[in-house]
Structure formats: structure tokens, C-alpha cells
Amino acid sequence: MSVIDTTIKQELEGFEGRRATGTVLRDAVRLWRTRIGLVLVFLVIAIALIGPLIAPHGPQDFVGAPNTGPSHGILFGTDHIGQDVWSRFLYGGREILILAAVSTALGLVLGISVGLIAAYSRGIVDDVLMRSMDVILAFPQIMLALVAIATVGPKAWLIVLAVGFTTMPRVARVTRGAAQPVIERDFVASAEALGVPRYRILLGEVMPNVLSPLMVEASLRLTYSIGLIAALAFLGFAPNPNGADWGLMIQENQIALVVQPWGVVLPMVAVALLTIGTGLIGDGIARAAIGIDRARGAT
Amino acid sequence: MATERSGSPSTADPAFVTAGPRSAAPGRVGRRGGILGFIVRRLLLGLLVLFLVSIVVFAATQALPGDPARAILGRTATPASLAALREQLHLNEPVVQQYFTWITGLLHGDLGTSLAAQVPVTTLLAGRLLNTAFLVLCAGLISIPLSIAIGSYAALRRDRAFDVGTSVGTLLFAALPEFVVGVTLVVLFATTVLHVLPAISLIPPGTKPWTQPKEMILPTLTLVLAVTPYVSRIMRASMIEVLESDYVEMARLKGLPERIVIRRHALPNALGPTFQVIAINLAYLAGGVIVVEYIFNYAGIGGALRDAVSTRDLPVVQALAMLIATLYVVLNLLADIATILVTPRLRTRL
């Protein structure tokens with residue numbers, strides 16, 4: 001939020017162009033928080049991708065009585081209907097990761113397009129675009145997803161669409177804010193004078209100059225998309241109601257917490273590590289961007 | 001949830017949003033009318049936003065591809081029952097007319113009839129609305145002063161232990177989805193580690209939530225933990241910006257005690273931008289309660305929305321969506337007005 005806004009503001013004071021993005025990333029990776037974030041994210045991605053290959057049982061195989069504790073051969077016990085908690089955990093990350101990645105990407109593409117077009121067009125187009133973004137912002141993100149699910153059901157495409165659509169206005173605002181001062185600059189005017197097509201000006205000249213605030217925003221949005229999609233599953237709206245899904249696992253096994261906590265704890269730790277990881281990466285990039293600006297101000 | 005969680009400061013006027021302690025917003029705000037004119041303009045804008053929101057809600061519930069009647073009744077529905085439900089939902093009318101039927105009812109306080117419970121939506125939600133309002137109030141009353149205190153103290157102790165500690169803590173908590181926080185609290189205090197608090201917060205119908213303090217603790221704490229990190233981070237950033245400003249240096253140089261510098265010069269100016277974020281986060285609480293009420297089985301409108309979605313009770317979903325969106329718009333309006341009132345500098349530009 002404004003931690004990020006401040007970042008962007010500060011960064012915009014001395015924009016340098018293409019080089020900045022690479023420098024910001026390199027500086028970010030030097031920070032411990034970014035490194036820890038990267039390790040956490042890669043760890044969880046590895047579990048989600050490799051997990052299904054090493055799972056001892058199928059995600060819907062019954063291996064014993066419901067809610068039994070860990071025993072020989074059943075590492076973390078069984079869940080609310082007697083399925084293997086460990087196997088369901090290993091299978092349960094893929095869906096969340098894919099849905100979150102795709103819907104964030106959709107939100108970024110839509111939001112960047114709207115933001116760039118609004119900043120470049122100015123005037124009435126700008127007003128209309130940004131006001132319609134405000135309308136979408138008038139909902140809590142999860143609510144629009146729920147409203148759509150109420151009508152169509154928890155389909156994967158619908159969840160992606162709803163999360164992407166509600167991510168768009170937030171990205172659009174950041175893009176527009178960062179692009180506005182860039183568009184005022186001479187190299188854009190000279191590109192216009194040379195007759196470079198508009199989309200090439202936007203993608204080739206303006207876009208590279210707003211990348212660092214966008215990277216911060218992207219990691220922030222990814223964090224929220226993961227939380228949102230996991231929360232939808234936790235509320236009982238996963239695309240596959242019987243499938244293995246971390247959010248769904250937490251919901252299913254919450255009733256039996258007293259006797260068998262593993263079915264809740266394992267997926268919860270995974271979701272927590274993942275969102276903390278993306279959060280740390282975003283903070284690392286934001287800090288790197290500020291740091292560069294400070295160094296510049298000194299010279 | 002995260003969701004909602006908006007990464008952007010406000011649905012307010014972009015010119016206004018940027019009006020932090022440092023940045024000047026050129027042009028846009030410079031219209032006539034003083035504070036009253038400003039409030040009237042914001043009010044009209046809010047109404048316009050609500051009108052557009054109602055179109056979005058309507059489009060999402062009734063105009064999405066597919067047949068809502070079939071979606072609600074399932075594949076086994078008989079043609080007769082499908083026809084009856086279409087009649088009840090006015091699905092046979094042209095889309096524009098459907099919208100006007102619905103919005104006219106809404107404006108007259110008729111929120112429709114619940115499909116699942118077969119009672120008017122207003123009857124269904126009245127008691128729950130009170131429960132949710134109380135929960136949000138508790139969370140707000142605790143988290144707002146707490147986050148302002150944490151944020152300003154961290155700014156004053158910049159880069160020392162308290163600042164570094166809260167900065168890491170708020171960063172971690174800000175990243176966690178609230179259902180993870182809520183269920184973790186259940187594991188810690190109710191079921192597994194300690195057994196001191198109830199895992200679910202049943203507020204029996206007819207009782208008021210404030211007579212059940214023990215049931216309120218965990219849901220309130222979850223919401224507080226979800227909101228405090230954001231607001232305190234904003235407060236810290238905003239306070240640091242103010243502390244580095246020329247007028248604070250001036251105040252120090254003319255020998256004012258630090259206490260007065262902070263209370264009279266720094267805090268009021270740092271609070272301005274924070275109000276925007278507080279409003280967003282209070283409004284966000286309106287979304288966060290959906291998940292939190294579900295975790296604790298708390299009888300509020302958030303839990304009702306979740307249930308209505310799972311039974312596909314469209315009239316209830318529409319009513320709740322409009323209710324929560326209205327809350328959102330009103331809180332933003334209040335934040336804009338509050339910001340103007342605490343920032344005299346902005347008033348002169350109206």
C-alpha cells in the first residue's frame with residue numbers, strides 16, 4: 001500500500017530508464033529478505049510440482065479410519081473421511097499455484113493496458129477508464145468472486161476471471177501513476193514526432209520505465225491472489241469439490257482439529273510460507289528501488 | 001481477505017489521493033464551493049459509483065451466460081419448477097426491465113425474498129447485521145489506535161529494535177491470508193495447544209453479541225491482526241515523511257519540546273493520509289468478515305453471504321453485495337471528509 005506508494009513516488013523523482021530495472025533486481029537479490037522469500041517460494045513450488053510424483057497414495061484413496069493420528073506407513077494420519085493427509089497435502093498445491101499465477105497474470109495484463117492507455121490518452125478517456133476502475137474497487141475483492149460463483153458455480157475459469165478482473169484496477173492505478181510523468185518526457189514526444197505507432201510507444205518507450213513499481217505491485221498482487229484463491233477454497237468453493245486442495249483441506253479437517261490437527265496444520269503452513277515468501281520478495285524489490293533512489297539523490 | 005484488500009489508497013478522487021503531506025495535487029482540486037461544495041461533490045460521486053456498482057452486481061448475478069434458474073435448481077429440475085423460479089426472479093422480462101424491477105425494489109427497502117428460507121431478505125439479515133456491525137466496531141476500536149501507536153512509535157524509533165521488530169512482524173502478518181491467521185488462533189487457543197477460548201462463536205438468536213465477551217475474542221483478534229499491519233505501516237511511512245519535513249525541523253529549531261513538536265506538528269499531518277487507509281481497511285473488514293465469520297460460525301452477514309452463495313440464494317447475495325458496497329463507499333466518503341478536516345492545508349485549495 002502506501003509503503004509501496006511511497007516507493008513509487010520516491011522512485012519517480014529520478015527515473016533513469018531501462019537500466020534501473022536490472023539494478024533494482026540485482027540489489028533486491030542482495031537483501032536477505034528477498035533471498036528468504038525466494039527460498040520459501042521455491043520450496044512451496046517444489047512441493048506442489050514434485051509432490052504428486054512422490055505421494056505414497058492417491059489423493060482420493062481411502063487408507064484407514066477417519067481422523068486417525070500418524071501411524072506406521074501413514075505419515076500424518078488420515079483426514080475426515082479416511083484419506084491420507086500427507087498424500088493429499090502433496091497433491092494439494094498445484095491447483096492453488098496455477099490458478100493464482102494465471103489470474104495474477106491476467107490482472108497484470110489488463111491493469112497495465114488500462115493504466116498505460118489512461119495515462120497516455122489523458123482527458124476524458126483517462127477519466128472514464130479510471131472511474132470504472134473505481135467502481136470495481138468499490139467491492140471487497142472476495143465479494144465479487146463470491147457473487148459470480150453464486151451464479152455460475154466455482155468453475156476454474158470463473159475464479160481466474162473474477163480474481164484477474166478485481167486485480168486489474170489496483171494494477172491500473174499503479175501503472176497510470178508511474179506512467180504519467182514518463183509520458184511527459186521528451187523521448188516520448190520525439191517518438192511521437194517520428195510517427196512511431198502508439199502501441200509501440202507505450203510498450204517500447206513507456207513500459208520499460210515503469211517496470212520496477214510494477215514488479216513490486218506484481219508480487220503484492222500475487223500474494224493476495226494466493227490468499228484469495230485459498231480462501232475461496234476454504235469457504236468451500238474449489239473447482240473440484242472432492243479434489244486435494246490446501247484451502248479445502250483446512251476447511252474439511254477443521255471440525256476434527258482436536259483429535260487430528262495435521263490435516264489442518266500442514267496445508268496451513270504451506271499457504272503461510274507461500275504468501276510470506278511472495279510478500280518478502282515484494283518488500284525486497286520495493287526496498288531496492290528506494291535504496292537506488294537514495295544513492296542517486298546523494299550524488 | 002486478502003482480498004480485498006486493496007493495494008491502492010482509496011476509491012477517492014485521484015487528485016485527492018496523492019495529496020499526502022509532501023506531494024501537491026495540481027489543478028483538479030481547484031474547484032469552487034469550499035468544504036460544503038466538496039462534500040456535495042463527493043456525495044454525488046458516491047451515488048454515481050453505487051449506481052454503477054448495482055449494475056455490476058446485477059450483471060454478475062443475473063446477466064452472466066447460463067440460466068440462473070437451472071443453476072439454482074440443478075439438472076433434475078422439472079420444466080414447471082424452472083418456469084416458476086424464472087417467474088419469481090423476473091427472468092422472463094427483458095434484462096433492462098429486470099434491472100429496474102430490482103433496483104426500484106431496493107430503493108424502496110424491498111430486498112426481495114430469500115429463495116432458501118422463503119422469508120423477506122430484510123427479516124433474514126436484520127439481526128445478523130447488528131452482530132457484524134458489533135464485530136467490525138470491536139476490531140476497529142482496537143486496531144485503529146493500536147496501529148497509529150505502533151506506526152508513530154516505530155517512526156520515532158526509526159531503525160532501532162522496536163522499528164525493525166514491528167516492521168518484520170507487520171510484513172509477515174500482512175502477507176498472511178486471514179483464514180490462516182484465524183485457524184492458527186483456533187489451533188493455539190481453542191483446540192490443540194491451549195484450551196482457553198471457544199473454537200466457534202455461537203451467538204444464539206435473540207442474544208446480543210456484547211453479552212458474550214468470550215465468544216468475541218478470537219474473531220475480533222483475527223480481524224485486528226489482519227488490519228493492524230497495513231495501517232501501522234502506512235502510519236510509519238507517513239510519520240517518517242512528516243518528521244523529515246522542513247516545518248518539523250523549524251519547530252525543533254525554535255526550541256519547542258519534542259513532545260509538542262510531535263503532538264502539534266507531526267502527528268496531525270501524518271494522520272491525514274492514514275485516514276484514507278483506515279477507511280479502506282475498515283471497509284476491507286466488511287469483506288474480511290466473510291471469512292472470519294465462517295471460521296468461527298459467527299452469525300453475521302459475512303457468514304450469511306457465504307451460505308447464500310453455496311445455496312445460490314441470489315436475492316440474498318444481491319442484497320448483501322449492495323450492502324457491503326454501500327458500506328465501502330460511505331466509509332471512503334467519511335475518510336475524505338476526515339482528511340480534509342485534519343489537514344487545513346488542503347482546505348485552502350478547495
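This is a predicted model: local features need pLDDT of at least 70, side-chain atom pairs count only at pLDDT 80 or more; totals for chains, interfaces and linings use all residues.
At what angle do helix 7 of chain A and helix 12 of chain B pack, and how far apart are their axes?

**View 1. Packing of helix 7 of chain A with helix 12 of chain B.** The two helices pack at an angle of about 30°, and their axes are 8 Å apart. Because angles under 35 degrees count as roughly parallel, helix 7 of chain A is described as roughly parallel to helix 12 of chain B. On the chain A side the meeting residues are A:Leu146, A:Ile149 and A:Ala150 of helix 7, and on the chain B side they are B:Leu305, B:Ala308 and B:Val309 of helix 12. The residues of this contact divide into 6 nonpolar, with no polar and no charged ones.

**View 2. The side of chain A that touches chain B.** Here 53 residues of chain A are in contact with 63 residues of chain B. At least two residues of this side are supplied by each of helix 1 (2-12), helix 6 (123-137), helix 7 (141-152), helix 8 (156-183), helix 11 (211-234) and helix 13 (262-298) of chain A. The largest share, 11 residues, comes from helix 7 of chain A. By residue class, the side of chain A that touches chain B divides into 35 nonpolar, 11 polar and 7 charged residues.

**View 3. Helix 3 of chain A and its kink at A:Ala48.** At 1.5 Å a residue, the 23 residues of this helix (residues 32-54) should span 33 Å, and the end C-alpha atoms are 31 Å apart, which agrees. Within helix 3 of chain A, a kink of about 35° lies at A:Ala48, shortly before the proline A:Pro52. A:Ala48 is itself buried, and the buried residues of the helix also include A:Thr34, A:Gly37, A:Leu40, A:Val41, A:Val44, A:Ile47 and A:Gly51.

View 4. Because B:Asn297 has 15 C-beta neighbours inside 10 Å, it counts as partly exposed. With 21 C-beta neighbours inside 10 Å, however, B:Arg312 counts as buried.

Terms used: Residues are numbered from 1 along each chain as its sequence is written. Chains are lettered from A and ligands numbered from 1 in the order in which they are written. Two residues are in contact if their C-beta atoms, placed from the backbone, lie within 7 Å. Helices (H or I, at least four residues) and strands (E, at least two) are DSSP runs, numbered from the N terminus. Ala, Val, Leu, Ile, Met, Phe, Trp, Tyr, Cys and Pro count as nonpolar, Asp, Glu, Lys and Arg as charged, and the others, Gly among them, as polar. A residue is buried if 20 or more other C-beta atoms lie within 10 Å of its own, exposed if 12 or fewer, and partly exposed in between; C-beta atoms are placed from the backbone. The expected span of a helix is 1.5 Å times one less than its number of residues. The bend at a residue is the angle between axes fitted to the seven residues ending there and the seven starting there. Axes are lines fitted to C-alpha atoms, for helices over the stretch in contact, and angles run from 0 to 180 degrees between N-to-C directions. Angles under 35 degrees count as roughly parallel, over 145 as roughly antiparallel, 65 to 115 as roughly perpendicular and the rest as oblique.
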